[in-house]
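Subject: Structure handover

Hello,

Here is the structure I promised to pass on, with my notes below it. Please have it open while you read.

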Amino acid sequence: MHLTKEEEKILDGEQGEIKAKALRILKTLGDIFHADKLIPITSTQIAGISYKTIGDAGLEFLEEWARHGVKVVVPSYMNPSGMDLHEWKKMGVSEQFAQKQMKIIKALRSMGVSPTCTCTPYLAGIIPNAGEHVAWSESSAVVFANSVLGARTNREGGPSALSAALIGKTPNYGLHLEENRIADVVFEVSTDWPNLNFSLLGYFIGEISREKIPLIRGIKRASWDQLKSLGAGAAASGGVSMIMIPGITPENRVRSKAEIIPVEQEDLLNVQAKLSSTSACSTLAFGCPHCSLEEIKEIITLNNPNKEIWIFTTKENKEKIKNIPPNIKIFSDTCMVVSPIKEMGINCIGTDSAKCAHYSQNLSKIQIVLRSKEELLNAN
Ligand code: F3S
């Protein structure tokens, strides 16, 4: 990958050891993926914030970078941490975990990263324009940015997003290039299908698409909430970073010889069965990805007082909700996957998110019931 004279100087350490390291990370990535150059970005969204997922090694890495006094040069935002930064005691998070988590937040803040702690920055007003290059790392947000907003980002890792934040650039490859934004596989959903579950559909198409871009035919309408669920599911089961839906997403191009795969209701029920390990849980957890205001209101309206209900959302949404029923708790800055849920005494959750079901079984080793929001809230 070609570097400008200015970038060469950074690589040689003219702006310090950490910026040189950051540039080396970007250069290595660029060389691996045959990028021609670094291109300017307008924002970064950095994953790997929870102490549960990055542990002491991640904390030390961030503190080491922060110690050198480096600062981000473009607006940069954090993905969810391991706890509600204010109400972690109410969640049942231990003092020891909380201290480590706060150190991670402190290190990132000192570099200028904003503690948004959400996987849905677009629900918190962070909305890049179509065609804008960004470096985001939360996989569901990456799908949303590319597919719904028409912005351009690869699926960054935490360190590459932080490096991009410090340099203000990212290697020009993958979904930053027009020629790669084309679907290789087509899914056909029958048009008379009521109550299509977008989370299950996403998981199903992700498993088949892997790293390819899927295009879905047969969907006439989809809300932002449905599209965020679709993208989260597809990114969890595969490496999907962009989805096309004619009539809904801004970019829709498909290769002439793309494989066409019909989607049957049974396919989605199979996903649901595969990701469920039990049939009932007393705790329900919603907000993977983080709930919108409309979703929170819907859950409160459908409330089942026999269940303990946890809702995860953005700070902004949390502040807006008043008069919360006693069995419902609303938390921000975190989620049921990246918080230390087992240590908090929860061994089983009902979720409407295929992504949550996938990671909770693998990462948290807890029991899962995967059903629609309505089914979960109507169950005894
Ligand atoms: Fe967001 Fe946590 Fe799900 S970060 S997409 S709520 S796993």
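A285 has W310 as its bridge partner in β10. Before I go on, a word on conventions: this is a predicted model, in which local features need pLDDT of at least 70 and side-chain atom pairs count only at pLDDT 80 or more, while totals for chains, interfaces and linings use all residues. Residues are numbered from 1 along each chain as its sequence is written, and side-chain values use heavy atoms, with hydrogens and water left out.

Helices (H or I, at least four residues) and strands (E, at least two) are DSSP runs, numbered from the N terminus. Two strands pair if DSSP finds at least two bridges between them. Strand β9 (residues 283–291) and strand β10 (residues 308–313) run parallel and are joined by 5 bridges. Together with helix α11 (residues 293–302), they make a right-handed β-α-β unit; right-handed here means that, with the strands pointing away from the viewer, the path from the first strand over the helix to the second runs clockwise.

How much of β9 is buried? Of its 9 residues, 9 are buried, where buried means under 20% relative accessible area, exposed over 50% and partly exposed in between (1.4 Å probe, protein chains only).

**The cysteines**

The structure holds 1 disulfide, a term used for a pair of cysteine sulfur atoms within 2.5 Å. C281 and C348 form this link, with 1.8 Å from S to S. The angle about the S-S bond is -60 degrees, which makes the link of C281 and C348 left-handed. Because C281 lies in the loop between α10 and β9 and C348 in strand β12 (residues 348–351), the pair ties together parts that are 67 residues apart in sequence. C281 is buried at 6% relative accessibility, and C348 is buried at 19%.

C356 is buried, with a relative accessible area of 0%. C119 is buried as well, at 7%.

**Aromatic pairs**

Rings of Phe, Tyr and Trp (its six-membered ring) pair if their centres lie within 6.5 Å; planes under 30 degrees apart count as stacked, over 60 as edge-to-face and the rest as tilted. By this rule there are 10 aromatic pairs. One of them is stacked, because the rings of F33 and Y173 have centres 4.6 Å apart and planes at 5 degrees. F33 is in the loop between α2 (17–32) and β1 (38–40) and Y173 in the loop between β5 (169–171) and β6 (183–189), so the pair ties together parts 140 residues apart in sequence. F33 is partly exposed at 44% relative accessible area, whereas Y173 is buried at 11%.

Y122 and W224 form an edge-to-face pair, with 6.0 Å centre to centre and 80 degrees between the planes. Y122 lies in the loop between α5 (95–110) and β4 (135–136) and W224 in helix α9 (residues 224–237), so this pair ties together parts 102 residues apart in sequence. Y122 is buried at 3%, while W224 is partly exposed at 37%. Ring pairs link Y122, F144 and W224 into a cluster.

**One more residue**

Q272 lies in helix α10 (residues 265–275) and is buried, at 11% relative accessibility. Leaving aside residues up to four places away in sequence, Q272 touches L200, L370, R371 and E375; contact means heavy atoms within 4.5 Å.

Best wishes
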